[in-house]
Amino acid sequence: MSTLAKRWRAARPPVAGLHLDSAACSRQSFAVLNATARHALHESEVGGYVAAEAATAALDAGRAAVATLCGMPGAEVVFTTGSLHALDLLLGSWPAGSGTLACLPGEYGPNLAVMDAHGFEVRFLPTLDDGRLALDDAAFDLEENPPDLVHLTPVGSHRGTVQPLALMARLCRELQLPLVVDAAQALGQVDCAVGADVTYSSSRKWLAGPRGVGVLAVRPELMERLRPRLPLPQWAPALSVAQRLQFGEANVAARVGFSVAIGEHLAYGPELVRARLAELGGIARTLLADVDGWLVVEEVDEPSALTTLAPADGADPAAVRDWLLAERRILTTYADVGRAPQELTGPVLRISPHLDTTTEDLEAFVEALIAATAATSV
């Protein structure tokens with residue numbers, strides 16, 4: 001086990017089984033758990049609002065770390081309850097109220113629902129056979145018929161294909177189109193420091209923070225153009241747009257924990273983390289290539305830790321997921337068509353190891369998958 005993997009494992013409580021579900025929710029470190037608990041204790045000692053004020057420096061550090069990871073050093077960063085909440089806040093405050101939005105056919109289903117709820121007309125960008133953005137065709141499409149904004153999810157929820165985020169960011173800058181990046185599956189796994197106009201993400205996936213926290217990072221010039229849904233009453237104190245977006249009740253303890261988690265990520269070295277995660281993805285896909293009943297969706301060298309298994313010959317992803325957890329204590333993801341309703345044609349099984357997963361762990365998963373497939377076959 002590498003030094004990086006040993007540090008990651010030593011920093012966390014022992015896992016009860018084999019955790020291959022980091023794309024859903026990673027394991028928090030002792031430091032994150034302790035920071036969250038200490039803040040909750042402080043709330044009990046001095047009151048929630050006093051404790052929140054005392055946490056200002058920690059929260060500001062968390063915001064700055066997010067901006068750094070997104071390549072947006074001057075961005076205003078708003079804490080949210082998660083990625084979907086961040087998108088809802090953004091689109092609900094969009095300057096024109098609604099408009100046309102260009103995204104990929106593999107867009108996350110709940111994102112599409114939020115876009116529709118806010119009245120955005122969605123059109124899909126051209127892709128290659130594997131769902132990857134066809135950049136040249138997209139460039140022509142965007143120049144000929146520019147949308148009000150481009151929304152790109154660099155890594156989807158249903159497969160580990162990595163989209164050309166940096167190239168799309170450059171294209172949008174050239175065409176002067178706002179680029180909004182859903183980095184829920186990307187932040188901490190692939191390089192998101194491309195300087196988009198907006199980047200939003202959640203805490204609980206590759207960054208291994210607490211559940212119930214997300215972030216919305218917006219360039220200042222765009223932030224000032226946003227119009228939050230709730231108007232500011234005349235009697236209310238003057239608040240910036242960012243403060244208005246973040247106004248309301250909050251789990252400050254979880255935000256403190258997330259700030260610690262992203263600090264840990266930066267301390268590990270984002271490039272080292274990304275390289276190890278990509279390596280694990282390649283190992284997993286190599287080991288799974290010839291397992292009967294399943295087809296590996298991604299290419300072996302895809303720079304992602306996600307491996308998606310599409311069923312063949314009647315394999316049942318839901319039953320296999322349940323069997324693996326009940327019989328072997330192996331945690332995986334069952335992804336139904338709702339994850340990407342315009343692209344997925346059937347449910348899939350997904351694994352997403354983190355830094356301390358070993359080759360032996362992945363070999364054990366392969367053996368268990370074979371057993372699960374046989375046990376659940378009709």
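Ground rules, quickly. This is a predicted model, where local features need pLDDT of at least 70, side-chain atom pairs count only at pLDDT 80 or more, and totals for chains, interfaces and linings use all residues. Numbering starts from 1 along each chain as its sequence is written, and side-chain values use heavy atoms, with hydrogens and water left out.

Start with helix H1, residues 3–10. Helices here are DSSP runs of H or I, at least four residues; strands are runs of E, at least two; both are numbered from the N terminus. Which residues of H1 are buried? Leu 4, Ala 5 and Trp 8. Buried means under 20% relative accessible area, exposed over 50%, partly exposed in between, with a 1.4 Å probe and protein chains only. Down the axis of H1, the buried residues fall within an arc of 95°, so they line one face. That arc is taken from the directions from the helix axis to the C-beta atoms. The face turned away carries exposed Thr 3 and Ala 10. The cover over the buried residues includes helix H11 (252–268) and helix H12 (270–288).

Next, Lys 205. The unreviewed UniProt entry annotates Lys 205 as "modified residue: N6-(pyridoxal phosphate)lysine". UniProt positions are in the numbering used here, feature names are shortened, and annotations may be inferred rather than shown by experiment. Where does Lys 205 sit? In the loop between strand E7 (198–202) and strand E8 (214–218). Lys 205 is buried, at 10% relative accessible area. Beyond four places in sequence, Lys 205 touches Ser 22, Ala 23, Ala 24, Ser 26, Ala 184 and Gln 185. Contact means heavy atoms within 4.5 Å. A polar atom of the Lys 205 side chain lies 3.0 Å from the backbone oxygen of Ala 23.

Now the cores. A nonpolar core is a set of buried Ala, Val, Leu, Ile, Met, Phe, Trp, Tyr and Cys residues joined through side-chain atoms within 4.5 Å. The largest has 58 residues; Leu 125, Leu 142, Val 150, Met 168, Leu 179 and Phe 258 touch the most other members. H11 gives the most to this core: six residues. Domain 1 (3–28 + 269–376) and domain 2 (30–268) both contribute, so the core lies between them. Those bounds come from an automatic or database domain assignment. A second, separate core has 25 residues, including Ala 86 and Leu 101.

Last, Glu 224. It lies in the loop between helix H9 (220–223) and helix H10 (241–246). Glu 224 is partly exposed, at 46%. Setting aside neighbours within four places, Glu 224 contacts Glu 76 and Val 241.

Conventions:
A polar contact is a pair of N or O atoms within 3.5 Å; within protein, one must be able to donate a hydrogen and the other to accept it, and residues adjacent in sequence count only if both atoms are side-chain atoms.
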